[in-house]
Amino acid sequence: MMLKTILSFYLAVFFSLDAVASEALDKLDFNPVSVPVTEQGTADLSELENHPTPLVEYIIDSSGSMGQILTGKQTKIFVMKKLLSRYLVSQWTEKTSSGMRVIGSRRKKDCKDNYLAIPPGNSKLGLIEGTVKGMDAVGMTPLYDSMKAAYQDLEKYDGPKRIVIFTDGEETCGKDPCQLAREFKNKNVDVKFFVVAFGLQGQEDTLKKLQCIGDMHQADNEDQLDDLFQELDKNLNPNKNLFVDSPEPQATVMLFRAETPNEIYRRFQSSYGIQVPPGRYYAIVNLKPKYRFQEFVVPPNKKVTLKVKGEGQFTANFIDGLMKVELLNKNRKVVKRFNSDTTVGLPPGKWSLRFYRDPFYEKIINDYLIVPNGKYEINLEEAGVAYVQDPLVRGIYVFGNRGVMTGNHVTNFPLVLGKGVYEIRVDDKCVFKDVIMGSNKEVVKLQCPKDKK
């Protein structure tokens, strides 16, 4: 009786947590009609080929090696859980029926540590989040057995079957997953394996042992893994017909039917897209500020891509427009050049900003998000400007910490220096010591003494 009571309690807690999570996703904390329409946004159409919908199962390697540091202080399993949870929650909002099998997460040196954590067809958000959160990097890597079991989980499904393996290593339980993959191929069944090799940069022998399983993908950091989730999603969900090209790929999109503009119809992550029936809709992307598309139509057998367009207003505050600024794309190509202390319009996206003044100062800010109608300011307080006045244009020697010469400049031209204390020398008769740069509100003017005749 006691056990039954305890079990009932935990089941009640589980289902209440699931309901709370569901409500949190569906909660509308603003009036959607009050968000102004952004006229620049577009809805582009393209052809959509209909494909049979696959049933998918993910195999997640949670073996001991996943506890290795990937970058900084983050382990492979930490990064995997972070992105996997976000992806599966996005799938949950799509009401998809993907399953998940976990290997090596519960016991050391146990090749039977291979269990179906989320059955295909499950739609419990609480189970998804709790399962991912509870994975630990512990045991072995029984790839062969997990692949075989995953196929059995999907075997009764009449349509295409897709099995995606996330692993950072080869089989460690003495079996040959490549042989199993060949056997499935020879059976002429509609099953396809995808392998995501995670954190295996430079480990060519291990990568070769995984390539024979199926379509091979490699990710060696968080950004690459996130990109792979998006790429795989397109293969695994071929019938999605609504996508959003957003400067923040992780932004939530709230979709409304045109006839019920105050009720959220669906939510999805920008980068993953969604499958919806033909009809009239409008959408709000949860950016800052929120971005609302004007009403659009999803026609039958068409794919619609909503594109966030419009400029954000940016100002780099410095001194008298003396700092130069470059907007750089992910390939470090210059998209736009401008000077500080002037407000300029910048296109939406995630950019790098380069602040510089040759020959002494440079600062780069990466992944700077610009959203249409947003207002952005950066105060450049880590530099200052000195100006040496002299009757003649002469060379200047600049010394930084411990008397080390930083470089050369000339008199009568602005000199931008990073935060610090400097000695500026023209000659033995014109030396300026303890020149403080940084957080200066105006140009520090220095004047060489006039020659006495």
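Visitor: Between which helix and which strand is the loop where Asp-29 is found?

Guide: In this predicted model, Asp-29 has a relative accessible area of 64% and is therefore exposed, the cut-off for that class being over 50%. The loop that holds Asp-29 runs between helix H1 (2-26) and strand E1 (42-47).

Visitor: What distance separates the C-alpha atoms of Asp-29 and Leu-446?

Guide: Along the chain, Asp-29 and Leu-446 are 417 residues apart.

Visitor: Is Arg-292 buried or exposed?

Guide: Arg-292 lies in strand E14, which covers residues 291-292. The relative accessibility of Arg-292 is 13%, and since the limit for burial is under 20%, Arg-292 counts as buried.

Visitor: How many Å separate the C-alpha atoms of Arg-292 and Glu-39?

Guide: Among the residues that Arg-292 touches, leaving aside those up to four places away in sequence, are Pro-36, Val-37 and Thr-38, and also Tyr-282, Ala-283 and Ile-284. Glu-39 is 253 residues from Arg-292 along the chain, yet the C-alpha atoms of the two are separated by 8.8 Å.

Visitor: Which residue does a cis peptide bond join to Lys-288?

Guide: Most peptide bonds are trans. At Lys-288, however, omega is about 0° and the bond is cis.

Visitor: What is omega for the cis peptide bond that joins Asp-358 and Pro-359?

Guide: Pro-359 is found in the loop between E21 and E22. The peptide bond that joins Asp-358 to Pro-359 is cis, with omega at about 10°.

Visitor: Near what value is phi of Asp-434?

Guide: Asp-434 has its place in strand E29 (residues 430-437) and, at 62% relative accessibility, counts as exposed. Most residues other than glycine have a negative phi. For Asp-434 phi is positive, near 55°.

Visitor: Near what value is phi of Asn-412?

Guide: The place of Asn-412 is in the loop between strand E26 (405-410) and strand E27 (415-418). Asn-412, a residue other than glycine, has a positive phi, near 65°.

Visitor: Why is the pair formed by the rings of Phe-314 and Phe-338 edge-to-face?

Guide: The count of aromatic pairs comes to 14. For Phe-314 and Phe-338 the ring centres are 6.0 Å apart, within the 6.5 Å required, and the planes stand at 75°, which is over the limit of 60, so this pair is edge-to-face.

Visitor: Which strands hold Phe-314 and Phe-338?

Guide: Phe-314 is buried, with a relative accessible area of 0%, and Phe-338 is buried as well, at 9%. The two are 24 residues apart, and their pair links distant parts of the chain, namely strand E17 (residues 312-317) and strand E19 (residues 334-339).

Visitor: At what angle are the planes of the rings of Tyr-368 and Tyr-376?

Guide: Both Tyr-368 and Tyr-376 are buried. Their ring centres are 6.1 Å apart, and the pair is edge-to-face because the planes are over 60 degrees apart, their angle being 70°.

Visitor: How far from the centre of the ring of Tyr-356 is the charged end of Arg-354?

Guide: The charged end of Arg-266 sits over the ring of Tyr-265, 5.8 Å from its centre. In the case of Arg-354, the charged end sits over the ring of Tyr-356, and its distance from the ring centre is 3.9 Å.

Visitor: How many residues has the largest nonpolar core?

Guide: The residues with the most contacts inside this core are Leu-242, Val-285, Phe-296, Phe-314, Phe-318 and Phe-355. Not counting residues up to four places away in sequence, Phe-318 touches a set that includes Met-323, Leu-380 and Val-416. Another core, of 31 residues, among them Met-66 and Val-132, lies apart from it, whereas the number of residues in the largest core is 44.

Visitor: Which element gives the largest share of the lining of the largest pocket?

Guide: About 1,200 Å³ of space lies in the largest pocket, and 36 residues line it, of which Asp-227, Gln-230, Pro-249, Lys-330 and Lys-350 lie nearest its centre. Elements that give two or more residues to this lining include helix H2 (76-93), helix H7 (222-236) and strand E21 (349-357). The largest share, 6 residues, comes from H7.

How values were computed. Residues are numbered from 1 along each chain as its sequence is written. This is a predicted model: local features need pLDDT of at least 70, side-chain atom pairs count only at pLDDT 80 or more; totals for chains, interfaces and linings use all residues. Side-chain values use heavy atoms; hydrogens and water are left out. Rings of Phe, Tyr and Trp (its six-membered ring) pair if their centres lie within 6.5 Å; planes under 30 degrees apart count as stacked, over 60 as edge-to-face and the rest as tilted. Helices (H or I, at least four residues) and strands (E, at least two) are DSSP runs, numbered from the N terminus. Buried means under 20% relative accessible area, exposed over 50%, partly exposed in between (1.4 Å probe, protein chains only). A charge sits over a ring if NZ of Lys or CZ of Arg is within 6 Å of the ring centre and within 35 degrees of the ring normal. A nonpolar core is a set of buried Ala, Val, Leu, Ile, Met, Phe, Trp, Tyr and Cys residues joined through side-chain atoms within 4.5 Å. Contact means heavy atoms within 4.5 Å. On a 1 Å grid over the protein atoms alone, a cavity is a set of points where a 1.4 Å probe fits but cannot get out, and a pocket is an open set with protein on both sides within 12 Å along at least five of seven lines; lining residues have an atom within 4 Å of a point. Grid points are joined across faces, edges and corners, and a volume is the space filled by probe spheres set on the points.
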